[in-house]
Amino acid sequence: MLNKNLLALGKHRSEIRELFEYGKTLAEKGIPVCDLTLGNPSAPTPTWVTDALLKGINSENVHAYTSAQGSQKARQVATDLLNAYHKTHFSSEGIILTCGAAASLCGVIKTLTESDTDEIAVLTPYFPEYKVFIENAGAKFVPIPFATSDFSVDYNALESLITENTKALIINNPNNPSGKVYTSQEIEFIAKILNEKQNKFNHPIFIISDEPYREIVFDGAKLPCIADLYKNTIICYSFSKSLSLPGERIGYIAISDDVCLFNDLYAGFLGALRSVGYVCAPSLFQYMIENFEPVFSDFSVYESNKNILTKGLLNLGFTCNEPKGAFYLMVKAPDGNSKKMSEMAKQIGLLIVPADSFGANGYVRLATCVSPDTAKASLELFKLLAKEYNL
Ligand code: PLP
């Protein structure tokens with residue numbers, strides 16, 4: 001009687017959400033807990049944002065519906081920000097404001113796929129919701145494995161898994177959950193393979209560049225502009241992390257004039273968003289974008305947490321990578337059993353997520369977007385875990 005797939009989705013929360021809800025219950029009871037589950041930014045929202053929102057709340061005409069694609073002024077500001085960051089020449093005609101990166105991704109995936117033989121490939125490790133979005137669009141989710149413990153791309157696998165049915169490849173840079181920043185050289189290599197495949201199969205294969213963490217990079221790492229290196233790129237962006245506004249749902253889809261099928265893509269995105277009722281992003285947050293002041297959240301806390309945790313964990317004998325961006329850290333379960341490690345941690349009040357659902361079996365993911373005190377307190381709990389593992 002009801003849609004079985006959606007029912008199952010609603011009944012079984014993601015492991016991240018499951019642990020996050022558990023942490024909230026403990027905190028409500030006053031039980032101390034170090035919650036490293038969810039990517040909720042801890043850096044304060046810039047004051048210009050709150051000022052603009054307060055002004056917007058009290059202004060006339062701010063709360064009305066806007067054009068489906070967003071107000072012209074807000075789209076122009078978003079375009080200018082995108083061009084300033086990537087040194088590109090996008091026009092506001094290629095921008096649609098959305099309810100965040102998740103809505104952007106859903107709209108794009110739905111537009112690019114039509115039948116259950118259509119495939120969307122995804123670089124591993126990946127944000128688990130990609131699988132939900134792709135399967136909900138009725139298409140096939142195709143994970144591309146990573147080559148080594150530095151989470152780089154397995155190019156042989158990419159070469160063999162991009163088929164005649166592939167409509168797009170999702171790249172998330174910087175990456176959730178690994179903190180990896182794919183370099184220009186890596187993107188050029190991927191672009192070369194995709195260009196060969198487009199020519200061979202005689203149809204476009206898009207890159208969906210999911211960029212909600214694009215401003216959060218460490219140690220002077222340089223984030224390449226994928227749209228510059230590959231013509232058929234569709235950007236999905238969100239202000240969730242850059243302005244510490246994840247609950248407010250504002251972001252955009254962007255395509256450049258160079259992308260093939262520009263007009264049809266743009267119309268398709270509007271249609272896809274319309275089909276699920278996402279017509280016009282929240283007006284108050286469009287007003288905020290219209291009044292943008294070029295100050296993002298202060299991301300320094302993420303870099304210092306990353307340093308505290310990677311150094312501390314390595315000293316304790318754990319194996320982990322050195323993230324170059326975003327605010328996550330992957331740690332190897334010493335015996336390869338990530339679910340057991342997450343469960344052992346839970347018993348001592350440390351909430352960390354098994355990364356199997358991110359396509360990285362044997363790892364746990366830590367969200368390092370917490371306060372410095374929580375980062376330090378969690379290290380104390382990792383000390384207990386290290387003892388249990390005899391490290
Ligand atoms: N893509 C990635 C890689 C994410 O980590 C997230 C959120 O954590 C999203 C998309 C969704 O972003 P938004 O909150 O803007 O919908």
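**Figure 1. The buried side of helix α2.** In this predicted model, helix α2 has Ile 16, Leu 19, Phe 20, Gly 23 and Leu 26 as buried residues. Looking down the axis of α2, you would find these buried residues within an arc of 120°, so they line one face of the helix. An α-helix has 3.6 residues a turn, so residues three or four places apart point the same way. The partners that the buried residues of α2 pack against are β1 (34–35), α13 (338–347), β10 (350–351), β11 (353–354) and β12 (363–367).

**Figure 2. The length and the end of helix α2.** Just after the helix comes Gly 30, which takes a positive phi of about 80°.

Figure 3. Lys 339 belongs to helix α13 and Glu 15 to helix α2, so the pair ties together parts that are 324 residues apart in sequence. Lys 339 is partly exposed, at 45% relative accessible area, and Glu 15 is partly exposed too, at 30%.

**Figure 4. Where domain 1 meets domain 2.** The chain is divided into domain 1 (4–45 + 297–388) and domain 2 (47–290). At their interface, 32 residues of domain 1 are in contact with 33 residues of domain 2. Together the two domains bury about 2600 Å², and carbon and sulfur atoms give 61% of that area. Thr 45, Lys 324 and Phe 358 supply 25% of the area that domain 1 buries against domain 2, more than any other three residues. Two salt bridges are found across this interface.

**Figure 5. A network of salt bridges.** Four residues are linked here by salt bridges: Asp 219, Lys 306, Glu 322 and Lys 324. Within this group, Asp 219 pairs with Lys 306, and their closest N and O atoms are 3.4 Å apart.

Figure 6. Glu 135 and Lys 131 form a salt bridge with 3.3 Å from N to O. These two residues are four residues apart in helix α6 (residues 129–136), which means that about one helical turn separates them. Glu 135 is partly exposed, at 42% relative accessibility. In another salt bridge, Arg 214 and Glu 211 meet at 2.9 Å, N to O, and both of these residues are buried.

Key
Residues numbered from 1 in each chain as written. Predicted model: local features only at pLDDT ≥ 70, side-chain atom pairs only at ≥ 80, totals over all residues. Heavy atoms only, no water. Buried < 20%, exposed > 50% of the residue type's maximum accessible area, 1.4 Å probe, protein only. Arc of directions from axis to C-beta. Contact = heavy atoms within 4.5 Å. Domains from an automatic or database assignment. Buried area = accessible area lost by both parts, 1.4 Å probe. Salt bridge = Lys/Arg side-chain N within 4 Å of Asp/Glu carboxyl O.
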